[in-house]
Amino acid sequence: IDSIAEWAFLVDMVLSFFTVYVDDGDIVDEPDRVITHYMKTWFVVDCVAQFPWTMIVNNQVFRGMKLLRLMRLAKMEMVEDRVVEALDLSEK
């Protein structure tokens, strides 16, 4: 299951370079702006969370790094909320 999650987060990281975002009510789909936005927002968190820490640090430090993965889960919830809002799938 960990491998599936690792791959899912890796795919999410790659897709984030191509995912449009909303800025002040406007949809931004220009590739250079999308990449810059991702690099300035979630890229560092995603990289740190995706890094294979178990190969480098001991278990005690690794347990602390799991908090970064929780941040990624919060990100996934935010993305889901945006998709639901964009598709207007919320219950009325």
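**Close-up views of a predicted model**

View 1. L10 lies in helix 1, which spans residues 2-16; helices (H or I, at least four residues) and strands (E, at least two) are DSSP runs, numbered from the N terminus. The model is predicted, so that local features need pLDDT of at least 70 and side-chain atom pairs count only at pLDDT 80 or more, while totals for chains, interfaces and linings use all residues. Residues are numbered from 1 along each chain as its sequence is written, and side-chain values use heavy atoms, with hydrogens and water left out. L10 has a relative accessible area of 31% and is therefore partly exposed (buried means under 20%, exposed over 50%, partly exposed in between; 1.4 Å probe, protein chains only). Together with W7, V14 and F18, L10 forms a nonpolar patch on the surface, with about 460 Å² of accessible area in total. Patches consist of residues with over 30% relative accessible area and no salt bridge, like charges being joined within 9 Å and nonpolar side chains (Val, Leu, Ile, Met, Phe, Trp, Tyr) within 5 Å. A salt bridge is a side-chain nitrogen of Lys or Arg within 4 Å of a carboxyl oxygen of Asp or Glu. Accessible areas come from the Shrake-Rupley method with a 1.4 Å probe; for residues, only the protein chains shown count as cover.

**View 2. The aromatic cluster of F17, Y38 and F43.** Rings of Phe, Tyr and Trp (its six-membered ring) pair if their centres lie within 6.5 Å; planes under 30 degrees apart count as stacked, over 60 as edge-to-face and the rest as tilted. Three aromatic pairs are counted by this rule. The ring centres of F17 and Y38 are 4.8 Å apart and their planes lie at 85°, so this pair is edge-to-face. The pair links distant parts of the chain, 21 residues apart: F17 is in the loop between helix 1 and strand 1 (21-23), and Y38 is in helix 2 (residues 31-40). F17 is partly exposed at 23% relative accessibility, whereas Y38 is buried at 4%. Y38 and F43 also form an edge-to-face pair, with ring centres 5.7 Å apart and planes at 80°.

**View 3. V22 in strand 1.** V22 is exposed, with a relative accessible area of 58%. The C-alpha atoms of V22 and R82 are separated by 9.3 Å, although these residues are 60 residues apart along the chain.
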